[in-house]
Amino acid sequence: MPDSDRRVAAAVAAATAVALVARLVALGARVAHWDEGRVGYWVLRYVETGQYTYHPIVHGPFLFHVNGVVFDLVGASDASMRAVVALIGGLLPATAWLLRDRLKPAETVSLAVLLAANPLLLYYSRFMRSDVLVGALAFAALAFLVRAHDTGRRRHLYAGALSLALAFTTKENVLVYVACWVGALVLLLDWMLLAARQRDEDPTAVLAERLVATARGLRPWARDVAAGGVLFFAVVVFFYAPRPELWRAFSNPALFGDVVRRATVGSVEKFANTWVGGHPHSYVDFFVGDVETLVAGAAAVCVLGIAGFVHDRYRGERPRSLVSFAGYWALASLVIYPAVSDIQAPWAMIHVVVPLAVPAAVGGGLLLSAVGSTRRDGDDAGTAIALVLVAAVVGWMAFTGVAAAFVHPQEPGPLVQYGQPNGDLHPTLAEIDDAVQAHQGGSGPDVLYYGDHFYAASEPSAAPDENFSEPGHWTWRLPLPWYFEGMGAETASTTDIAALNGSTPPVVITRASNYGEVAPRLEGYDATTYELTSEGTPTVFFVRQSGAGNASAANASPGAAVNASAASVAAPTPPTAPTPTSATV
């Protein structure tokens, strides 16, 4: 390996190592987001029951099966549920090495650094969602396939097929990736034909010649392409297949037909019923929100990406297909995601940042090259300017990334989605765990939810259902079910204040607007207030003090019903709540 390649390899390895450390350190410090708590709870139930069926509303099966193994090995926690996403997100910068024949050395290093340090990628690589997974795996698949083309090594083809198959098991928007790739290829083809016309060549003849050449080039790969297709199909079926039906099929092969049908045709039908048709919303509002996210969490990638794309297309020797392809892909994603997203969330822009990093690497390469060229020319002023620009880019990414991921990971901001609890619940959750364990074997539930907002006609179930956004559903308590399931806590809910009597459970949870009527009935309880979303959901946790007996109000009626009738459920509204005097916000 030439010395220049060794230096590039070392730089890419260093960027990857830094990315892994940044994603894995203090991984469990942030309280679970609603989405993390929802999926985490169902993964715990899958581990407990062994039953899995694809539900599009919680996206692909990857996290269910992989985190099921992780939980079996190391236990369930905020850190362990995010570990796989952090690992894959941390390895993403290494894919720059696969593209080294298409990029200059400085560009290859720049790509690795941008994928490692981008604040948006850093924040959501420390988050149990599938967006970083699908982005990283799809990008890796493309990089492996490009490398297979560039080197003729078939192992890269198989690695690409495996990466793409895994991407298909993470989230349904992988179909948007494929659509963007097809569109980008069409634009590259159009550019090729236009260039042929400018050379006074017949575009039709050039197209025919290129198609024949492509067919001839693929002929020696036919067997490997077929084998890669089989690998892709097998991985997708394995992940989407229902459990325990898949395991039963190994002892009764006659069941395989139905298992494969449910994993493929059945999954497509479920996907179409859930996601095809879209979710009505304002495209302009979502587009503006997405642009704001890019400005806040990916400004360096955006500026460098535009500069790199323009330079490669109009200032370089000739436009490079990889840079143009990635630029088209990023632009298409920016246009598409405001239309196909069901909620406005910062994580949608991950799918723009990942491809945009390639033309941004060209822009970053220009800065790095400028440092070297001005030093060689003895241009001290030029060197100083180039170094300041490099420091500004790296410094902005480091400052913004550290602030978002470590300093303010739960506070309202442009990278924090609304479902993120605002405040560190972990100390109170530890107290609740102690209270629950002390109450094990006692009568009644361990945790009682009080009030219309938290009331549910039935407690959490093993299988996801499609109506979790409706008032009166237990998911309105998120992310708490994730924690309580891990504790083994029995929960119940009521809207009857008389239920808070001499047999009150050791833990009572209610909205802060109910504090005035609940607190007098819970003498001997410590009260702490937290926001269960980024803002607007103040919630009081009453935890019985160690050794304290239950208090009962003078007018409380013993045996008051828990889980009152569903007719008592009211649509929740964000309250304006008094602040409990003993609470810690």
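This is a predicted model: local features need pLDDT of at least 70, side-chain atom pairs count only at pLDDT 80 or more; totals for chains, interfaces and linings use all residues.
## Meeting points between helices

Two residues are said to be in contact when heavy atoms of theirs lie within 4.5 Å.

Helix 9 spans residues 174–198, and helix 10 spans residues 203–218. Which residues of helix 9 meet helix 10? They are Leu189, Met192, Leu193, Ala196 and Arg197, and across from them in helix 10 are Pro203, Val206, Leu207 and Arg210.

## How helix 9 and helix 10 cross

The axes of helix 9 and helix 10 are 9 Å apart, and the two helices pack at an angle of about 130°. Because of that angle, helix 9 is oblique to helix 10. Their crossing is right-handed.

## Another partner for helix 9

Helix 9 also packs with helix 7, which covers residues 131–151. Here the angle is about 35°, and the axes are 10 Å apart. Helix 7 passes helix 9 in a right-handed crossing.

On the helix 7 side, Val134, Gly135, Ala138 and Leu142 make the contact, while helix 9 supplies Val174, Tyr177 and Trp181. By class, you will find 6 nonpolar residues and 1 polar residue in this contact, and no charged ones.

## The nonpolar cores

How many residues does the largest nonpolar core have? There are 139 of them, and those with the most contacts inside this core are Leu111, Phe139, Ile432, Leu480, Phe484 and Ile509. Helix 17 (residues 350–376) gives the largest share of the core, with 12 residues.

There is also a second, separate core, made up of 14 residues. Among them are Ala512, Tyr525, Ala527 and Phe542.

## Two residues to look at: Phe484 and Thr491

Setting aside neighbours within four places in sequence, Phe484 is in contact with Leu429, Ile432, Val447, Tyr449, Ala489, Thr491 and Ile509.

Now move on to Thr491, which sits in strand 2 (residues 491–494). Is Thr491 buried or exposed? Its relative accessibility is 15%, and buried means under 20%, so Thr491 counts as buried. With neighbours within four places in sequence again left aside, the contacts of Thr491 are Pro445, Val447, Tyr449, Glu459, Pro460, Arg477 and Phe484.

Notes:
Residues are numbered from 1 along each chain as its sequence is written. Side-chain values use heavy atoms; hydrogens and water are left out. Axes are lines fitted to C-alpha atoms, for helices over the stretch in contact, and angles run from 0 to 180 degrees between N-to-C directions. Helices (H or I, at least four residues) and strands (E, at least two) are DSSP runs, numbered from the N terminus. Angles under 35 degrees count as roughly parallel, over 145 as roughly antiparallel, 65 to 115 as roughly perpendicular and the rest as oblique. A crossing is left-handed if the near helix is turned anticlockwise from the far one by less than a right angle, and right-handed if clockwise. A nonpolar core is a set of buried Ala, Val, Leu, Ile, Met, Phe, Trp, Tyr and Cys residues joined through side-chain atoms within 4.5 Å. Buried means under 20% relative accessible area, exposed over 50%, partly exposed in between (1.4 Å probe, protein chains only). Ala, Val, Leu, Ile, Met, Phe, Trp, Tyr, Cys and Pro count as nonpolar, Asp, Glu, Lys and Arg as charged, and the others, Gly among them, as polar.
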